[in-house]
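Dear colleague,

Please read them alongside the coordinates.

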Amino acid sequence: LSRGFTDLRKRMYFDVLWNTGARLSEALALTPDAIHVGESWPLRPYLSLLTLKQQGKPGRPPRDARRDVPLYDDTFTLRLRDHLNTFCRYRTKRIWTVSDDTVRNWLRDAVSNCNRQGIQFSVPVTPHTFRHSYAMHLLYCGADPILLKNLMGHKDFKSTQIYLDVLAMEAEVAGQYSVRFGMSEEDAAQLLNVQNKISV
């Protein structure tokens, strides 16, 4: 999908969704202060999300309303750090000062651009698609279900169980096509083309 974006700020928003499993409004609420991509060795770079369901409540959110999400893709982490240094002047102001509808329009335009380039998607692409993809990629890579629950900000394990059920059904497909976290644009595009030919 990255081929559908010509604006780096728009692309970075969806890169954040893809690499963190954030909900649409959780990513929109991010400030540079919540992102830790500096020299933090031996700790992995991470960002801190305020769980969506706690954001609209008055007063200080409870401690467990925030969840720290590690960043597993080093290339993305470097690009995110460069993005913050280039576009974000204030540490406490939101990175993207736009509405939910604007984000959906960005995505709609990117999908249309991909279609014009001959890249077709077998499922509707919405902001929540990135969250689902994040969860499934972690499971493909062997993430512990309890860890996944915490990273996704699920209150009830039943929400996490849905992804485990899907994984059980698609394990053969994942193994056959070597789905992995942090695939290159070329590998992902080739995988989409193969799957489209099989479905025809």
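**Salt bridges and helix packing**

The count comes to six salt bridges, a salt bridge being a side-chain nitrogen of Lys or Arg within 4 Å of a carboxyl oxygen of Asp or Glu. This is a predicted model, in which local features need pLDDT of at least 70 and side-chain atom pairs count only at pLDDT 80 or more, while totals for chains, interfaces and linings use all residues. Residues are numbered from 1 along each chain as its sequence is written, and side-chain values use heavy atoms, with hydrogens and water left out.

One of the salt bridges joins the side chains of Arg79 and Asp15, at 2.8 Å from N to O. Because Arg79 lies in helix H4 and Asp15 in helix H1, this pair ties together parts that are 64 residues apart in sequence (helices are DSSP runs of H or I with at least four residues, strands are runs of E with at least two, and both are numbered from the N terminus). Asp15 is buried, with a relative accessible area of 11%, whereas Arg79 counts as partly exposed at 30%; here buried means under 20% relative accessible area, exposed over 50% and partly exposed in between, with a 1.4 Å probe and protein chains only.

Another salt bridge links Asp33 to Arg91, whose closest N and O atoms are 3.1 Å apart. Asp33 lies in the loop between helix H2 (24-28) and strand E1 (35-36), and Arg91 in the loop between H4 and H5, so the pair ties together parts that are 58 residues apart in sequence. Asp33 is partly exposed, with a relative accessible area of 38%, and Arg91 is partly exposed at 43%. Salt bridges that share partners also join Arg11, Asp15 and Arg79 into one network.

As for the packing, the axes of H1 (residues 8-20) and H5 (residues 100-116) come within 11 Å and cross at roughly 100°, the axes being lines fitted to C-alpha atoms over the stretch in contact, with angles from 0 to 180 degrees between N-to-C directions. That makes H1 roughly perpendicular to H5, given that angles under 35 degrees count as roughly parallel, over 145 as roughly antiparallel, 65 to 115 as roughly perpendicular and the rest as oblique. H1 and H4 (residues 74-87) pack at an angle of about 140°, with their axes 11 Å apart, and are therefore oblique to each other.

Best regards
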